[in-house]
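Welcome to this tour! Open your viewer, get the selection tool ready, and follow along one stop at a time.

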Amino acid sequence: MKNRCVLGISVVMAMAITACGGTSRNDMVKEDKTDVTSEAVSDTSGSESTASFDDLETEENTVADAENLPDSLEDGETAMLSYNMTDEEIEGSIPDVKVDFEVLREKNSDICAYIVIPGTSIDNPVLKKDDSNEYYLEHGEDNESNSAGCIFIDMGNETDFTDPVTCLYANAGEGEPFCELINYLDKSFMEKNEFIYVYSDDYVTQYRVFAAYSTDETERPLVKYNFYDYAEYTKYLDDIFETRDMTAVINKDLQDEALSSWNIITLMGINEDGSRQVLQAVFNGRTSIY
């Protein structure tokens, strides 16, 4: 289990679940801006029951688990933790990939990260449109119209990957960016290719894959759940690790780490019929390489 340093803490309220339907690719990342992560607000109606910044501890090595949540929080509230960008030991060696973000952003300023998954052909920029979850399903990283699209972050996520759950989307048909996610339904393939690397301006972050499965769920996770509520985050992960889907590949040895880290990434490959192939990985270390 990796330790974290708490950078900032604020009190947020769990928001209502917003439903969205449909089975097309665009419906899978519907442009509904009522994300619980972006609209969470503090409850200031009662000073005795609401934790203030001064009430909350910010000491080092606080792990984001239920035991470390402040006692003064009411039901439905949570401590929102953002981790500082310090080096933390990773396993094995980092892929020898040199990413020049200055050059990449000359082509498209929406490029915010770069993802590499050894054992696959995924070696691509990651983009984000602040006002659209559909644009990069139909445009390439060069901003030109492209039916294959490219890899992009949910518009409700921060680009520094410090949200509890960061969602990345891409089309998953033949020859499309996430077409190889389906390979992870083979347990032996997952065991041989268990690491994902996300490059940013200053760091490379390592994630370790813990789940691969297919789903017909058409609702955006950031709309369906408030992952900044630790109870909702826990319930979400418990449902994954307790799945009875015989086709799913789940590494239950990583359940405690996924719960305590409060930091995972979810890759969603979108099929033509609207179904998706999901690959999930937990924070496993970070290092500065530039």
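**Stop 1: Asparagine 251**

Select asparagine 251 and show its neighbours: leaving aside residues up to four places away in sequence, asparagine 251 touches Phe210 and Phe241, where touching, or contact, means heavy atoms within 4.5 Å. This is a predicted model, in which local features need pLDDT of at least 70 and side-chain atom pairs count only at pLDDT 80 or more, while totals for chains, interfaces and linings use all residues. Residues are numbered from 1 along each chain as its sequence is written, and side-chain values use heavy atoms, with hydrogens and water left out.

Now colour by secondary structure. Asparagine 251 sits in the loop between β9 (249–250) and α7 (255–261); helices (H or I, at least four residues) and strands (E, at least two) are DSSP runs, numbered from the N terminus. What does the side chain of asparagine 251 reach at 3.1 Å? The backbone nitrogen of aspartate 253.

**Stop 2: Aspartate 142**

Next, select aspartate 142, in the loop between β4 (123–127) and β5 (152–153). Its side chain reaches the backbone nitrogen of glutamate 144 at 3.0 Å. Is aspartate 142 buried, partly exposed or exposed? Aspartate 142 counts as partly exposed because its relative accessibility is 38%; buried means under 20% relative accessible area, exposed over 50%, and partly exposed in between (1.4 Å probe, protein chains only).

Serine 109 and aspartate 142 are 33 residues apart in sequence, and their C-alpha atoms are 9.8 Å apart in space.

**Stop 3: The largest pocket**

Select Tyr213, Thr215, Tyr225, Tyr236 and Ile240: of the 17 residues that line the largest pocket, these lie nearest its centre. On a 1 Å grid over the protein atoms alone, a pocket is an open set of points where a 1.4 Å probe fits, with protein on both sides within 12 Å along at least five of seven lines, and lining residues have an atom within 4 Å of a point.

Now highlight β8 (203–215), α5 (221–224), α6 (230–241), β10 (264–270) and β11 (276–288), which each supply at least two lining residues. The largest share, 3 residues, comes from α6.

**Stop 4: The whole chain**

Finally, zoom out. How many helices and strands does the chain have? The count is 7 helices and 11 strands. Of the 290 residues of the chain, 54% count as buried. Among contacts between residues at least 6 apart in sequence, 71% join residues at least 24 apart.

Terms used
Polar contact = N/O pair within 3.5 Å; in protein donor to acceptor, adjacent residues only side chain to side chain.
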